[in-house]
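This report looks at how the parts of one protein chain are arranged. Please keep the sequence and the structure in view while reading.

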Amino acid sequence: MRRRGGTEVFRITGARQGLADDVRGRQRRYVISMSVRTVSVILAAVLWNVERHVAVVALVLGVVLPYISVVIANAGRENAPSLPSTLVPPPSRPMIEPAPEDSTTAGGSFAQERPKSEQG
């Protein structure tokens with residue numbers, strides 16, 4: 001949910017964020033992390049003769065943070081949220097069952113056998 005011009009805008013779809021919004025968010029994260037890096041390097045320089053342990057930690061943070069910032073800024077766009085499938089599967093049809101066995105169909109043929117006396 002985001003406010004633009006005093007009105008609330010609600011996301012009601014599973015669509016991705018716009019490209020301009022995505023780039024703006026990446027730039028914001030990069031600037032924030034580079035600001036933290038700048039503060040940590042300045043802190044390391046100021047505290048070097050006062051509190052060397054804190055200065056070393058700040059210096060390490062100042063050295064490592066640019067790499068982490070670039071990786072985070074260049075990370076891919078957000079994953080599209082998975083939406084329920086709009087495809088409704090067709091109803092399954094029942095299998096055709098074999099016909100029940102009858103006295104007329106016993107033996108596998110439909111014709112009844114005639115006694116030998118009737119055969120010509």
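In this predicted model, the helices α1 and α2 pack against each other at an angle of about 160 degrees, and their axes lie 8 Å apart. Angles over 145 degrees count as roughly antiparallel, and α1 and α2 are therefore roughly antiparallel to each other. The crossing in which α1 passes α2 is left-handed.

These helices belong to a protein that has two helices and two strands, and the order of these elements along the sequence is β-β-α-α. The table sets out the two helices side by side.

| Helix | Number of residues | Reach, first C-alpha to last | Expected reach at 1.5 Å a residue |
|---|---|---|---|
| α1 | 29 residues | 42 Å | 42 Å |

Even so, α2 has a bend of about 35 degrees at V64, and a proline, P66, follows within four residues.

Which residues of α2 are buried? They are A55, A58, G62, L65, S69 and A73, and the buried residues of this helix pack against α1, which covers residues 19–47. In α1, the buried residues are D21, D22, G25, R26, S33, M34, S40, A44 and L47. For the protein as a whole, buried residues make up 13% of the 120 residues.

S40 sits in helix α1, and because its relative accessibility is 5%, S40 counts as buried. Leaving aside residues up to four places away in sequence, S40 touches A58, L61 and G62, and of these contact partners A58 and G62 are among the buried residues of α2. The C-alpha atoms of S40 and V57 are separated by 8.7 Å, although the two residues are 17 residues apart along the chain.

From C-alpha to C-alpha, A75 is 8.8 Å from R26, while 49 residues separate the two in sequence; R26 itself is one of the buried residues of α1.

Among the contacts with a separation of 6 or more, 56% are accounted for by residues 24 or more positions apart.

How values were computed
Residues numbered from 1 in each chain as written. Predicted model: local features only at pLDDT ≥ 70, side-chain atom pairs only at ≥ 80, totals over all residues. Heavy atoms only, no water. Bend = angle between axes of the 7 residues up to and from the residue. Buried < 20%, exposed > 50% of the residue type's maximum accessible area, 1.4 Å probe, protein only. Contact = heavy atoms within 4.5 Å. Axes fitted to C-alpha atoms, helices over the stretch in contact; angles between N-to-C directions. Parallel < 35°, antiparallel > 145°, perpendicular 65-115°, else oblique. Left-handed = near helix turned anticlockwise from the far one by under 90°. Expected span 1.5 Å × (residues − 1).
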